[in-house]
Amino acid sequence: MELKGRKVIALGERDGVPGTAIADLVKTAGADVVLTLTQCYV
Amino acid sequence: MKYPVVKAVTLVLAHVPHFARYGSKPLREIPRDEQALGQIESALRSFDQARDYAPHQVYIGNMRPEALAAIEKPWYAHTKTSDRFGPHGEIIPEDEFYGLMAIADQFDLFRLEKEFAARVRERLSEHPLIKPEELKPLDKGLPLEQIETMIGQGALPLFVNGGTLVGAMRSGHDEDDTLTANVLLENLACKASGAWAMRHLTNERHGVDISQVDYVLGCGEEGVGDRYQRAGGAMGKAMAEFAGFSEASGSDVKAFCAAPIHATVTGASYVQSGLYRNIVVAGGGSLAKLGMKFRGHVKHQMPILEDVLGAVAIVIGPDDGKNPVIRLDGVGIHRVKHSSSPPAMMQALVVEPLERMGHRMTDVDKFALELHNAEITEPAGSGDVALTNYKTLAGIAVMRKEIVRDEMDAFVRERGMPGYSPTQGHIAAAVPFLGHARDRMLNGEMQRAMFVGKGSLFLGRMTNLSDGMSFVVEPNGG
C-alpha cells in the first residue's frame with residue numbers, strides 16, 4: 001500500500017505492537033499520522 | 001550484603017458476582033442494551049463454583065500453578081469441592097464481604113437490610129480473623145422499605161442470591177463526581193479486600209506482629225479523593241486502620257498495573273535504609289474490572305468469570321537469616337528512553353538486571369510475568385497474555401544463544417507457568433506467585449525467581465510511554 005501523503009490512525013496494543021512504533025514506521029513511508037493510541041485489552 | 005526479606009504474603013479473593021453489573025464495562029453497556037443485564041445475571045457463578053475453580057485454588061495456595069496443566073479445560077466446567085481457606089489466604093463469599101464492607105464504612109453509606117445484616121453478623125462471628133466488637137456496625141441494619149427509599153433517591157441497590165435486594169450504597173456528596181455511589185463502592189470494596197488480605201497476615205500461619213509494622217504502601221487501582229484532589233490517595237493508611245495496624249502510617253504508590261512491583265521495590269528500599277522496621281505492600285481488588293469481558297463470556301456461553309476482587313498483602317522486613325531476600329541490586333527499570341515494544345521491555349526488565357547480577361536467563365527457575373488467566377481473556381479475543389510474554393522471553397533467550405530454538409517450548413513450560421490470576425490488572429502483574437515462590441524457597445525447592453510487572457501509562461493520556469519494573473527473589477543464605 002502506498003502510504004505517502006495518506007492520513008493514518010496508529011492504533012497499537014500493549015502486549016503486541018505499540019501505537020508509537022506503528023506511527024514511527026508509517027511516518028518513514030511518508031504518511032501523516034493524525035492520531036496515535038495504544039490500548040490495553042486485558 | 002544483606003537485603004530485605006519477604007516475611008509473609010497473603011492473597012485473598014472476594015467473590016462478588018452481584019457487583020459485576022457495577023464494573024465499568026457492564027455499567028456502560030447495560031443502559032444501551034436491554035438484554036445485557038439479564039445475560040450477566042443468568043451467567044453468574046455460585047460461591048461453590050467460584051471457590052472450587054482451580055485457578056482460584058492456585059491463587060490462595062491450595063494448588064501449584066503447574067498443576068493446572070493436568071486439569072481438563074474448560075477449568076470452570078471441571079471443578080472439585082475445595083476449601084475456601086488456603087495457606088496464602090481465602091475466598092470470601094459475597095454476603096460476608098458485604099458485612100466487611102459495612103464494617104469498613106465509617107460514613108453510613110453502605111447500608112444493609114436488617115435481617116440480612118443479622119445473618120451476616122452471625123456468619124462473620126465465626127470467622128477466626130474478626131473480633132466480636134468489630135461486628136457492631138452490623139447491628140445498624142435498616143428496614144427493607146428504608147433501603148428501597150434510598151434506592152428511589154439514587155442509591156445503588158445491592159443484591160445477593162440471584163437478585164434478592166439486601167442493601168444500598170449512597171453517594172458521599174450531592175455535587176462531587178469523585179464521591180458518587182459508584183466511585184465510593186469501588187473504593188470501599190478495594191479498602192475492605194485489601195485490608196482483609198492484611199488481616200490474614202496476622203493469622204496463625206503467618207503470625208505477623210502488627211506492632212512492628214511502621215508503614216503500609218497501597219498499590220491498588222482505585223482513586224480515592226475529592227473533587228479538588230481526584231486521586232488524593234493514602235488508601236494504605238485507610239487499610240492499615242481497618243486491618244488493625246495501629247502503629248503504622250501509610251500512603252500509596254500509583255503506577256497502573258505495575259504498582260505492586262514499584263511498591264515492593266519502594267518498600268524494600270525503605271526497610272533497607274532503616275527508615276522503617278517492617279512495611280506492608282497491600283493492594284485491594286478492582287471493582288471497575290469486574291465483568292469487563294462479559295460480552296466474550298456470554299457469546300461463548302460461559303459463566304461470567306470476572307466476578308472476584310483480588311487482593312494481596314506482602315510484609316517486607318530486614319534480613320532475618322531465614323526468609324527469601326529481595327535483591328535490590330537486581331531491580332529492573334524501564335527508563336523513559338526505553339522503547340515500549342515487548343522485546344525491548346523484556347530486555348530492560350529481565351536481561352539487563354540479570355546481566356548486572358552476573359546471571360543468565362537460564363539461571364532463573366521461574367519468571368512471574370503477567371499472570372492473566374487465559375480462560376478469561378481468550379473468549380474476548382485478548383489472547384493468552386502469560387503465554388505470549390513467556391514466548392517473547394524464550395525468543396530473547398534464543399537470540400542470546402542461552403537456548404536453541406527447539407528448546408523454546410521447554411523454556412516456557414519449565415520457567416513459566418499457566419496464567420491463573422483474575423484479570424484485575426495490578427493483581428495479575430506477577431505478585432500472585434510471590435507466595436508460592438516464598439514457600440518453595442523456604443522448602444529448598446527454588447533458587448531464584450524473577451517478578452516482572454507492566455503498566456499501561458498511555459491509558460491516562462499523559463504520555464505515550466509504557467512502564468514496567470522487576471525484582472529478583474532468592475533464598476536467604478543465612
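Reader: How many helices and strands make up the secondary structure of chain B?

Author: Happy to start there, with the reminder that this is a predicted model. The secondary structure of chain B comprises helices and strands, and the counts are 16 helices and 14 strands.

Reader: How compact is chain B for a protein of 478 residues?

Author: Along its principal axes, the C-alpha trace of chain B spans about 70 × 50 × 45 Å. For 478 residues the globule rule gives 23 Å, and the radius of gyration of chain B is close to that, so chain B is as compact as a globular protein of that length. The radius of gyration itself is 22 Å.

Reader: What percentage of the contacts in chain B with a separation of 6 or more joins residues 24 or more positions apart?

Author: Let's take burial along the way: 55% of the 478 residues in chain B are buried. As for the contacts with a separation of 6 or more, the share from residues 24 or more positions apart is 73%.

Reader: Which element gives the largest share of the side of domain 1 of chain B that touches domain 2 of chain B?

Author: Chain B is divided into domain 1 (5–317) and domain 2 (325–474), and 26 Å separate their centres, taken over C-alpha atoms. Their contact takes 53 residues from domain 1 of chain B and 43 residues from domain 2 of chain B. On the domain 1 side, the elements that give two or more residues include strand S1 (5–15), helix H4 (54–59) and helix H10 (259–273) of chain B. The largest share, nine residues, comes from H10(B).

Reader: Is B:Thr79 buried or partly exposed?

Author: B:Thr79 lies in the loop between H4 and strand S2 (85–86) of chain B. A residue counts as buried if 20 or more other C-beta atoms lie within 10 Å of its own. B:Thr79 has 18 other C-beta atoms within 10 Å, so B:Thr79 is partly exposed.

Reader: How far apart in space are B:Thr79 and B:Gln49, C-alpha to C-alpha?

Author: Leaving aside neighbours within four places in sequence, B:Thr79 is in contact with B:Gln49, B:Asp52, B:Tyr53 and B:Ala54. B:Thr79 and B:Gln49 are 30 residues apart in sequence, and their C-alpha to C-alpha distance is 7.4 Å.

Reader: Which element gives the largest share of the side of chain A that touches chain B?

Author: The contact takes twelve residues from chain A and 15 residues from chain B. On the chain A side, helix H1 (19–28) and strand S2 (32–39) of chain A are the elements that give two or more residues. The largest share, three residues, comes from H1(A).

Conventions: Residues are numbered from 1 along each chain as its sequence is written. Chains are lettered from A and ligands numbered from 1 in the order in which they are written. This is a predicted model: local features need pLDDT of at least 70, side-chain atom pairs count only at pLDDT 80 or more; totals for chains, interfaces and linings use all residues. Two residues are in contact if their C-beta atoms, placed from the backbone, lie within 7 Å. Helices (H or I, at least four residues) and strands (E, at least two) are DSSP runs, numbered from the N terminus. Domain bounds come from an automatic or database domain assignment. A residue is buried if 20 or more other C-beta atoms lie within 10 Å of its own, exposed if 12 or fewer, and partly exposed in between; C-beta atoms are placed from the backbone. The radius of gyration is taken over C-alpha atoms; the globule rule is 2.2 Å times the number of residues to the power 0.38.
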